Each structure stands twice: as structure tokens, then as C-alpha cells.
Amino acid sequence: MGDHHHGPAKGLSRWLLTTNHKDIGTLYLWFAFIMFLVGGAFAMVIRMELFQPGNQLVSPNTFNQLTTMHGLIMVFGAIMPAFTGFANWLIPMMVGAPDMALPRMNNWSFWILPFAFAILLSSWFMDGGAPNFGWTFYAPLSTQGPPSTDFFILSVHMMGISSIMGAINVIVTIFNMRAPGMTLMKMPIFCWSWLITAFLLIAVMPILAAAVTMLLTDRNFGTSFFDAAGGGDPVLFQHIFWFFGHPEVYIMILPAFGIVSEILPTFTRKRLFGRVSMIYAIVAIAGLSFIVWAHHMFTTGMPVIAGLFFMYATMLIAVPTGVKIFNWAATIFRGALTFETPMLFALGFVFLFTIGGFSGLMLALIPADIQYHDTYFVVAHFHYVLVSGALFSIFAGAYYWLPKWTGTMYNETLGKFHFWLSAISFNITFFPMHFMGLAGMPRRIPDYALQFADFNRISSIGSFVFGLSQLLFLYIIIQAIRGKGKKATDEVWDDHPRGLEWTLSSPPAYHTFETPPSEKLVEEHH
């Protein structure tokens, strides 16, 4: 680039034109955090409306717009870009590559996103307002949705293009740019989890593109893909959407598995238990994710044999997931544990994600699902998976690698406070929703029967605490970036009395992740 840039333009062009994987990772992470706060603000309005029965704050239509935008922004704007930010920052360092394989495409795949979400958010100001049909945009609600739906379709296309390019970059980097000696089986689990995630993204993003394209032509060009009057079928939309949507939910959790599998060994002073089985489990989960999509559709009516297939296939996913849970438990068992903030979030992840897994197993049972479908039980289930699952792992990873990213330690006391505030308020918010759902409270409805008032009030109070505690996280991050803590050492997690025998450092030190250095030194002496 040369040194002819001076002043603020240099700062701006650095971020606009950067092809550096660390800068792009930082952009993704900040973008995701901003979107997280926006989506969280929508959730706060939803919970304020539900604080008591009746219609207080917003019209039913606005309520539906809020639930739609909250879902879309959290899934596509917060969780996925955050994991992509981790991938950009860490994968090159973990496999010993100088950068991502396709650095200019990397820049593009990020800079599409702010425009995609600007388009999506601008729909609030359009005639007819924002999309109001839920993040799953089922036909015929979406085929007859407000005029802004066409902008929503464009926005989804842009997000999909970004995801596909990011995934191609991850795959090419991991396959082509590993350092000598870094075989695939020696590669850190985080890289494995992202490699599988990248294949899922490339497989399913075109399906989402197909769904929104058919939606576009049904709306504007006289086709009838989803219109029974023209020979189409609204249930076809659900099949196409969930054939994308189910692997998508695994796209949002596999990188979390990778992050937690990096953190637990560090703070237990043990190698990850059953490393190879962990890798196979990730592959198995990803493979099975393609044959379970219709478990979202048990209430649409399907042949008994099809229902049985989807029920059993769904329950089968519990097996590799259980392998991972037990391996994490075995890693923790009899380890020399310390409870720094990343460890707290990782342990919170393992425990609370398991609860989400059990409620998912309940939803896999057809007779039960027919009762639970579209109730708050489902809302409780997927928030246990996506908040105490995906989001907690993002927090864990951010605290874990922040000293590496900034050279400064975050404030450990505030970090622990952030964890306990988040974990307790999360459970106060979402645990009562299991009871509301079992008692029949429907989702996506702004008003409710009087018997649900107490649980809803508890949920809303919990959600306000949860939302506010994320501002504490923002403060902690900014303090670390500004260098307000103590300097991070090379062995950053070695700073406590018992001491680390070894850490999983990235980029890899002279050792691979198979033998701790102490054992390796012993081997070399003999």
C-alpha cells in the first residue's frame, strides 16, 4: 500500500480496504456485537409488551414485526457473524497460515453485511412497515406480506452470498495453507468445527436462496410455488425452508462446540478427552442434520412412516451430541480446575446447553410435539440452545482470546460478575417459558390469558437484567481494548498459583496438541 496515507483517511481506509484476517475478524466481531444490541433492543420491547396481559406498548402488527426482526437479526446478524469473526481471527493462526487463503474476497464477504442489514432495518420506515411474518417467513404470510418484503428478500440474498464466500475461504485456508506437520488430525478442534460448519454453509445457503427466490417470483411474477390456487403448496415452502433451516441451527452451534473444546482443556490442565471421537461426533451431527428437517413440521400432517423416520432420525442426533457432552464431562473430571471467566461461560454452556438438548428431545416425540408446537415451550428450547449455547460460547471465546487480541487482560472481577448476572437472569427469563408452553401459551402473540401473567412478569424482569448486563460486557471489552488492564503474558492463562503445566496456545507452539511439552521433553531426553 505504501506510506503515502496520512491522518484519519489512513484509519478509515485501513478498515475499508483491509485484507488482513485479524482486522476482518475484528470487523465481524464488532458488527455482530452491534447487531446483538439492536436485536436485543427489539427483544426488550417484546418483553415489555408481555410484562402484563393486554395490549400496552405496541400494536399486534408491530409486535409481529419485532419478533420477526429480532429473530432475523440475532441469527444472521449476531450469532453467525460472531463465529465468522472467530474463524477469521483464529484459523490462520491455529493452522500456521500467514492469512486467509482469499483475503480480498474476505474483505468483500464482510462489507456486504452492513449493507444487507441496513436494507433490512430500513424496512421499518417503508410503506406497510417491516416484515411481520416471523423469521421463518412462512408462505402465505410472506407471499402476501408488506411491500418491504422484497427488500427483505434482497437482504437475505446478500447475507447468503457473504456466508458462502466466508465458508469457501475457511475451507481453502484449512485444506491448502496448513503449516508443515499440521495434519488434519493434529488441527485444533476449533478449526475442525469450522471446517464442518463451512461445508454446511455451502450446502444450505443456496437452499435459502431458492426459497426467497420462489417467494420473490410468487409475489411479483405470477408464479404459484406456494399458492394452492395455482397448483402450488404452502407446505412446500416449509419443506424448502427447513431443509435449509435445520442444518442452519447446527451452523450456529458447531463453532460453539469448537470454542468450548478449546477452553475446557486449558482450565482443567488436561487434554481434551476423546479428541478423535469429538471430531467424528461433529461430522456425525452435521451429516444427520440434513435428514431431520421435517421434525419442524409434525403438525402439518405427514404419513405415519415419514413421521416415524423423522422422529427416530432426530433422536439419533442425541447420540453424537451425548458423546460430546460426556467427553467434556470427562475432560473436567479430576482436572486441576480454575474458574476464570472463560471457564465459567464454558461450564455454563455445557450445563445449560444440555437442558436445551433435553427439551429438544421432548420436541422430537411426535405426540408431545403436537402439544408443544408453537407454544412457549419451543421458545424456551431454542433460547436454551442459542443463548446459553451459541451466545455463551461466544462470550467464553471472547474472554478467552481477548488477551491475545488486545495484549491486555480484561477485568476478571467484572467478567465473573457479567457471567453470573447473565447466567442467572437468562434462567429467570427462559426457564418459566417451559411451564407457560406446557400450559398452552402460544408464541408470537402480543396478548395472553390471565393465568400466564405471573410467569410472564418473571420472564420480563429477567430479560431486562440480561439485556442490561450485556452493557457491562461492552464496558469490559472497551476497557481491555484501551489497554486499561494488566499486560497479557505469552502464557496468558498461566497467571495463578497452581500454574499451567501447558496451555493450548494458538498459533501452535513447537509442540502439536497431542502431547504436553513436559511429556515431550521426557521423550527427548530418553
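Me: In this predicted model, which helix holds Phe435, and why is Phe435 called partly exposed?

Reply: Phe435 lies in helix H14, and its relative accessible area is 38%. Buried would mean under 20% and exposed over 50%, so Phe435, at 38%, falls in between and is called partly exposed.

Me: Which helices supply at least two residues each of the nonpolar patch, and which gives the most?

Reply: Helix H14, spanning 412–438, and helix H15, spanning 453–481, each supply at least two, while H14 gives the most, with five residues.

Me: How many cavities of 30 Å³ or more are there, and what lines the largest cavity?

Reply: The count comes to three cavities of 30 Å³ or more, and the largest cavity holds about 190 Å³ of space. Of the 20 residues that line the largest cavity, Met80, Pro81, Thr84, Ser163 and Leu201 are the closest to its centre. Helices H3 (60–95), H5 (149–176) and H6 (189–220) each supply at least two residues of this lining, with the largest share, six residues, coming from H5.

Me: How many residues of each class are in the lining of the largest cavity?

Reply: By class, this lining has 14 nonpolar, six polar and no charged residues.

Technical notes: Residues are numbered from 1 along each chain as its sequence is written. This is a predicted model: local features need pLDDT of at least 70, side-chain atom pairs count only at pLDDT 80 or more; totals for chains, interfaces and linings use all residues. Side-chain values use heavy atoms; hydrogens and water are left out. Helices (H or I, at least four residues) and strands (E, at least two) are DSSP runs, numbered from the N terminus. Buried means under 20% relative accessible area, exposed over 50%, partly exposed in between (1.4 Å probe, protein chains only). On a 1 Å grid over the protein atoms alone, a cavity is a set of points where a 1.4 Å probe fits but cannot get out, and a pocket is an open set with protein on both sides within 12 Å along at least five of seven lines; lining residues have an atom within 4 Å of a point. Grid points are joined across faces, edges and corners, and a volume is the space filled by probe spheres set on the points. Ala, Val, Leu, Ile, Met, Phe, Trp, Tyr, Cys and Pro count as nonpolar, Asp, Glu, Lys and Arg as charged, and the others, Gly among them, as polar.
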